[in-house]
Amino acid sequence: MGWDVTAGDLDGDGVQDLLISAPYADGPGDTRWSTMDLYLFFGRPAAAWQTVLAANGSADVIFYGGSNPVTSDSNFPGWDLACGDIDGDACDDLAFSAPHADGPAGDRNATGAIYIYYGRPRADWAPVYDTMGEVGPVADIEIYGADENDAIGGIDLAGSLGANVAKSLALADLTGDGRAEIIFGAVYADGPNNARNSCGDAYVVFGDTREALTQLITVRPEDPGRHADIAFYGAVEMDFFGFCLAVGDLDGDTFGDLTVGALYSDGPPPPAQRLRRRLRLLGPSARGLGPQLRRAGGRSRPPAPGARREQPRGLPAGGRRHRR
Ligand SMILES: [Ca+2]
Ligand SMILES: [Ca+2]
Ligand SMILES: [Ca+2]
Ligand SMILES: [Ca+2]
């Protein structure tokens with residue numbers, strides 16, 4: 001319990017409410033092994049908070065996720081959590097990512113999903129929500145990635161601290177209209193026309209009215225429903241752009257500004273690359289310098305955590321592991 005935590009006023013009473021995800025929880029009645037649950041505790045005066053809260057007994061709302069029926073791979077609902085007012089009704093809305101969710105028809109393995117629930121008065125919240133729709137309502141909005149293993153809204157780098165601290169989901173206003181945009185990364189995505197292996201993408205869906213935001217939103221243009229409004233692409237292969245992202249007003253003009261991390265980017269082109277370009281201009285007589293250039297400026301990076309076309313990894317070592 002505590003894989004990710006966040007706070008927002010989801011019932012509009014002016015008091016922040018607490019959200020916690022539990023990666024090894026087992027779903028309704030412990031029938032979904034390690035599918036990851038989320039717990040919502042409505043804010044209350046200090047004296048009304050108990051010192052010890054048991055999630056299953058005390059949470060005001062529980063959100064359940066699912067797993068791939070063929071591989072048993074957990075969808076990891078609650079990998080990243082965010083609160084913000086998407087529809088501008090002055091009540092925060094909740095988003096959580098499920099980076100191994102399998103697409104609108106369940107056949108797009110680990111493309112990833114973002115699930116969104118509009119804030120509402122406390123009496124209108126159901127006690128249980130279920131992304132599978134079996135024991136409670138489904139999300140108000142479901143956003144899916146474009147391709148298999150894009151893993152929108154999260155990533156695991158096994159054994160890396162980054163797995164715990166990176167946040168690849170945000171709800172924040174970039175346009176100044178008081179509605180939060182839905183912003184998420186896809187570190188394994190492959191850029192324009194899938195031609196840039198794991199360069200990483202990031203996407204923005206503009207906050208809007210509930211009527212304009214359809215229940216299904218996808219990154220893939222061929223899918224039905226609304227699509228992401230902006231796509232950002234990593235510069236070169238294996239940059240892992242979108243690994244983490246955050247919004248803050250960095251220049252004081254009241255508009256939120258977006259920062260996106262690219263974990264394995266190598267910075268500006270190394271001197272050898274620049275030299276190579278010059279050698280191309282110089283012609284065949286300069287080609288003998290090739291081996292020296294490779295020694296001097298070959299690209300290097302940390303060991304990649306799993307080749308792009310393999311299934312993204314499960315949770316870090318230690319504790320129970322999910323089947324992949
Ligand atoms: Ca509240
Ligand atoms: Ca709202
Ligand atoms: Ca906005
Ligand atoms: Ca700004």
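## Buried or exposed?

A residue is buried if 20 or more other C-beta atoms lie within 10 Å of its own, and exposed if 12 or fewer do. Keep that in mind as you look at this predicted model.

## Two residues with positive phi

Let's start with F76, which sits in the loop between β4 (61–64) and β5 (81–84). F76 isn't a glycine, yet its phi is positive, at about 55 degrees. Is F76 buried or exposed? It counts as buried, because F76 has 32 C-beta neighbours inside 10 Å.

Now try D30, in the loop between β2 (17–22) and β3 (37–41). D30 is another residue other than glycine with a positive phi, near 55 degrees.

## The nonpolar core

Next up is the largest nonpolar core, which has 71 residues. Which residues have the most contacts inside it? They are A95, I114, I116, L171 and I182. As for strands, β7 (residues 113–117) gives the most to this core, with five residues.

Take a look at I182 in the structure. Leaving out residues up to four places away in sequence, I182 touches I86, A95, I114, I143, L171 and V205.

## How confident is the prediction?

The protein chain has a mean pLDDT of 83, and 79% of its residues reach 70 or more. Over residues 277–324, though, the pLDDT is below 50. In the model, that stretch has 61 contacts beyond near neighbours in sequence.

Conventions
Residues numbered from 1 in each chain as written. Chains lettered and ligands numbered in written order. Predicted model: local features only at pLDDT ≥ 70, side-chain atom pairs only at ≥ 80, totals over all residues. pLDDT = per-residue confidence, 0-100. Contact = placed C-beta atoms within 7 Å. Core = buried A, V, L, I, M, F, W, Y, C linked by C-beta atoms within 7 Å. Helix = DSSP H or I, 4+ residues; strand = E, 2+ residues; numbered from the N terminus.
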